[in-house]
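Please read the following briefing alongside the sequence and the structure.

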Amino acid sequence: MNPKKLAADKAIEYVTDGMIVGLGTGSTAYWAIEALAKRVREGLNIRAVASSNHSEQLAKQGGIPLVPFSDIELIDVTIDGADEVDSQLNLIKGGGGALLREKILAANSKTFIVIVDESKKVEHLGRFPLPVEIVPFAESLTIRQIQQLDCITTIRTVEGKPFVTDNGNLIVDCEFGKILDPIELHKQLNLLPGVVENGLFPSMASKVIVGHLDGSVELIDSADSMN
Ligand code: 5RP
């Protein structure tokens, strides 16, 4: 059994009729979008807002009714993947470059459910380079400022060209080593002019659902993880 699909199937149990649902991006969120599309075809009545052009396409193909960000005031539940999850449910996201829209959805959701396979659980964040979205016109200046926070930076490329986000920005992948204080680093990065958003999602997840290779599914609630 695919652990990403297992986690996604569990997450969509939290979606009920009439909800506005935030759709994540990536290979795990894909399974949630597919499963939701199936339920919509079976009669589930929801509206969804997508965190990327790619997820919007998937939702459209699956027949999920979509609404733009500008038409909604609150999202009932957002289901999204992550690149790393620590024991306090802090996350690194943005491996797919959709971190800005993903964070807007997460921050405006009553419930933010993160779905991962077991490989994403870590003791400390930071093995996965932290994605930071920056404005393209001040690329070098902004990167210089980020480097002063003590990290090694790499501008993300695809086939030799800079990767451009759905918002027209660039992604800088930052190697900080172990991130011991994600809240502080999150603040420091977002204070830098030229930084649009960073991939740290500290204490934002309501629940993390972990799919395991042995077929089991682990549910970690934010209330329990803080104890
Ligand atoms: C995209 C993301 C993804 O949720 C994250 O990269 C995990 O992706 P996957 O489920 O493919 O491992 O943050 O910006």
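**Thr153 and its surroundings**

In this predicted model, the side chains of Thr153 and Gln147 are joined by a polar contact of 2.8 Å (a pair of N or O atoms within 3.5 Å; within protein, one must be able to donate a hydrogen and the other to accept it, and residues adjacent in sequence count only if both atoms are side-chain atoms). Because the model is predicted, local features need pLDDT of at least 70 and side-chain atom pairs count only at pLDDT 80 or more, while totals for chains, interfaces and linings use all residues. Residues are numbered from 1 along each chain as its sequence is written, and side-chain values use heavy atoms, with hydrogens and water left out.

- Thr153 is found in strand β8, residues 152-155 (strands being DSSP runs of E, at least two residues, numbered from the N terminus).
- Thr153 is buried, at a relative accessible area of 18% (buried means under 20%, with a 1.4 Å probe and protein chains only).

**Nonpolar cores**

- The largest nonpolar core has 25 residues (a set of buried Ala, Val, Leu, Ile, Met, Phe, Trp, Tyr and Cys residues joined through side-chain atoms within 4.5 Å).
- The largest share of this core, 6 residues, comes from α2.
- Apart from this core lies another, of 19 residues, among them Ile92 and Val172.

Technical notes
Buried < 20%, exposed > 50% of the residue type's maximum accessible area, 1.4 Å probe, protein only. Helix = DSSP H or I, 4+ residues; strand = E, 2+ residues; numbered from the N terminus.
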